[in-house]
Amino acid sequence: VNPTACSLHRMSREKLIGKHVLELVPQEHQDIVCRYYKELCSGNEDCADGKSLTSDGKIVPVEIRSKVVDYLGQRALLMHVRDVSMRIEAEAALRESETRFKQLADATDQVFWLMAPDPERVLYVSPAFEKIWNVSADELYQDPRLWTRAIHDADRDWVNQQFDAWLSGDISDYEVEYRIIPPDGSQRWILAVGTR
């Protein structure tokens with residue numbers, strides 16, 4: 001074991017060497033570990049997420065990379081165990097942030113959308129799109145320029161030019177006002193603002 005392993009399990013090298021691997025994982029994960037080791041002993045390299053146990057009973061999420069090696073003439077498992085607590089916390093914070101954004105966007109009567117510029121595709125559009133454009137959001141996900149079809153003929157070329165210039169980075173701010181005519185034949189004024 002190296003010093004990082006000692007730090008992870010919060011015990012000295014002397015105490016760690018000789019421990020059975022099942023002493024280093026939580027009780028509820030021991031069956032999984034046994035199956036994992038049987039797979040490894042068949043000679044396959046593997047990578048898995050797991051849990052390690054510290055000497056004071058704390059459970060630490062880890063990533064485990066393992067393979068069978070020859071060590072001083074003996075068959076052994078070489079294990080690289082990495083603490084992924086920070087990654088798990090960052091992923092949870094990102095999920096929470098995404099959930100809050102979606103709740104906000106879903107509740108407003110304004111259209112919010114996220115898009116990738118190259119290749120151009122819609123990543124998310126709020127439910128207000130369907131109410132204002134009177135077109136299904138699924139259709140917009142299939143055709144990211146679907147929204148331009150409803151633009152009034154007198155405004156369409158100019159709006160497309162501004163949008164293309166913004167997407168390409170030729171202009172930094174996108175703020176345009178234009179008319180749309182949804183399938184129901186009504187006319188609505190739209191103020192669109194884009195940020196990169």
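## The largest pocket

The largest pocket holds about 1400 Å³ of space. A pocket is an open set of points, on a 1 Å grid over the protein atoms alone, where a 1.4 Å probe fits and protein lies on both sides within 12 Å along at least five of seven lines. Its volume is the space filled by probe spheres set on the points, which are joined across faces, edges and corners. The lining has 37 residues, and Val1, Tyr37, Leu77, Met79 and Val81 are the closest to the centre; a lining residue has an atom within 4 Å of a point.

The model is predicted: local features need pLDDT of at least 70 and side-chain atom pairs pLDDT 80 or more, while totals for chains, interfaces and linings use all residues. Residues are numbered from 1 along each chain as its sequence is written, and side-chain values use heavy atoms, without hydrogens and water.

## Lining of the largest pocket

Helices (H or I, at least four residues) and strands (E, at least two) are DSSP runs numbered from the N terminus. Two or more lining residues come from each of α1, α2, α3, β1, β2 and β3, and β3 has the largest share, with nine.

By class, 21 lining residues are nonpolar, nine polar and seven charged. Ala, Val, Leu, Ile, Met, Phe, Trp, Tyr, Cys and Pro count as nonpolar, Asp, Glu, Lys and Arg as charged, and the others, Gly among them, as polar.

## The second largest pocket

The second largest pocket contains about 720 Å³ of space. Among its 25 lining residues, Val111, Phe112, Trp113, Val193 and Gly194 are the closest to the centre. β7 gives the most to this lining, six residues. The lining comprises 20 nonpolar, three polar and two charged residues.
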